[in-house]
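Please open the model in your viewer and keep the sequence panel beside it. The tour below moves from one selection to the next and says what is found at each stop.

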Amino acid sequence: MDKFATISARQIGPTFGAEVSGMPIHGDILPEHLMQFVALLHRYRVLVIPGANVAPGDLVAFSRRFGPLEIHARVDNTLPEHREIFCVGNVERDGMKASFSRGVEQWHADSSYRDVPSDASLFYGEIVPPEGGDTLFADATAAYRSLDPALRRRIEGLRAVHSLDSLRAWGARHNPDRPSQPMAQVAGFPPVSQPLVREHPATGAKSLYVCPAVISHIEGMDEEEGRALLDTLIAHITQPRFVYCHQWHQGDLVMWDNRAVLHTASLFDHERYQRLMYRTTIAGGAPALAH
Ligand code: OGA
Ligand code: MN
C-alpha cells in the first residue's frame, strides 16, 4: 500500500473516459484512494488503467472493494478457481471455456436483464490480439443531454422490457454456430421492466438505457414503432462524438459505469489470434459506488 499515492486522470474520450495513473490496485487500499477513484468514475464514467497487470485473485479482490460481485449465469464461462470472473474470448483451457460471442456484438450495459442490474464492470486484457477486438464505449449521459427536446419529452417516462430470452433469440439469429443459452438459465431471469431514461443514483445525471438485443419491446408501444424508436436512439448515442474506442494492450484494466455508458465488443481475426478477457461485474446497489 502506498500511503502517498497521487492519483491523476487524463481525459481520453470526446466527452468522457479517462486514463488513470497512480491508483494502488494490489493489496490493501486506503479508503481515501478508493473514494478518489470512485469520484473519477462518476466524473469520467470509463476509467482505463494501462498496464495494471493483475492476477485473477487480485482482480477479484480489487473489484470487491466496490461491492458484491455477480456470478455469471453461464458458469461454464467462468474461471473454476474464481467464479466471479467471467471469461470472454476464443480461448479454451483446462476447465474454462471463454464466452465467444462472434457475430453478436451489440450495444448494451451489463446484466440489464437482471431485476437489479450491475452498477459497474471491470474488464482485464489477459491475452489481446495485435489488431481488432477493441471495446467501444458510448457516452449515454452526454447523448441524453444533447437529445432534441421534443424527443426527450417523447421518451420521458417510457419503459422497456429487457429479457435474456430476447438476447438468446438475437444470438441464435446472428450466430447460429454458437450454442445458445440453456433454457434453464433463461428461465432463471424472467423479463424485467427498465426505464428508457435512468437517473444515476450518485450524480443525478440522466442517461439513455438502450440495449437493442436485450429489449423485447417498449411498454405500451407496438413492436415496429418501439424498434424504430430504439434505432433512432442508438443512432444518436453511437455518433463518433460520443464514442471512445479502447484498443487493448495486454495488462490493461478498464472499469466502466453501467449506469452511465453503453459498450460493445468488436470483431477480430479469431482464426489467427487469441483473445482472453476477464470480467468482474459489480452487483447493483454497490455501497462504494452509491455516493
Ligand atoms: C462484456 C463485453 C466487450 C468485449 O464482456 O460484457 O461487453 O470487448 N465485452 O469483449
Ligand atoms: Mn458487456
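Is Asp-110 buried or exposed? Select Asp-110 and you will find that this residue is buried, with a relative accessible area of 3%, where buried means under 20% relative accessible area, exposed over 50%, and partly exposed in between, using a 1.4 Å probe and protein chains only.

Before going further, note that this is a predicted model, in which local features need pLDDT of at least 70 and side-chain atom pairs count only at pLDDT 80 or more, while totals for chains, interfaces and linings use all residues. Residues are numbered from 1 along each chain as its sequence is written, chains are lettered from A and ligands numbered from 1 in the order in which they are written, and side-chain values use heavy atoms, with hydrogens and water left out.

**Ligand 1**

The residues around ligand 1 are Val-88, His-108, Asp-110, Phe-123, Thr-135, His-263, Ala-265, Arg-275 and Arg-279. Several polar contacts can be displayed here, a polar contact being a pair of N or O atoms within 3.5 Å; within protein, one must be able to donate a hydrogen and the other to accept it, and residues adjacent in sequence count only if both atoms are side-chain atoms. An N or O atom in the side chain of Arg-279 is 2.6 Å from an oxygen atom of ligand 1. For Asp-110, the distance from a side-chain N or O atom to an oxygen atom of ligand 1 is 3.0 Å, and a polar side-chain atom of His-263 also lies 3.0 Å from an oxygen atom of ligand 1.

**The sheet**

Switch to a cartoon view, in which helices (H or I, at least four residues) and strands (E, at least two) are DSSP runs numbered from the N terminus, and two strands pair if DSSP finds at least two bridges between them. Look for an open sheet of eight strands in the order S1-S2-S3-S16-S8-S18-S5-S4, with mixed pairing. Its edge strands, each pairing on one side only, are S1 (8-11) and S4 (78-79). Next highlight S5 (residues 82-89) and S18 (residues 276-282), which pair in the antiparallel sense over four bridges; Phe-86 stands opposite Arg-279 in S18. Then select helix H2 (residues 56-64), which packs on the sheet and touches S4, S5, S8 (120-127), S16 and S18.

**Loops to finish**

Select Asn-77, which lies in the loop between H2 and S4 and counts as buried at 7% relative accessibility. A polar atom of the Asn-77 side chain lies 2.7 Å from the backbone oxygen of Lys-97. Finally, visit Arg-45 in the loop between H1 and S3, where phi is near 70°, a positive value in a residue other than glycine; Arg-45 is buried, with a relative accessible area of 9%.

Key:
Contact = heavy atoms within 4.5 Å. Axes fitted to C-alpha atoms, helices over the stretch in contact; angles between N-to-C directions. Near = heavy atom within 4 Å.
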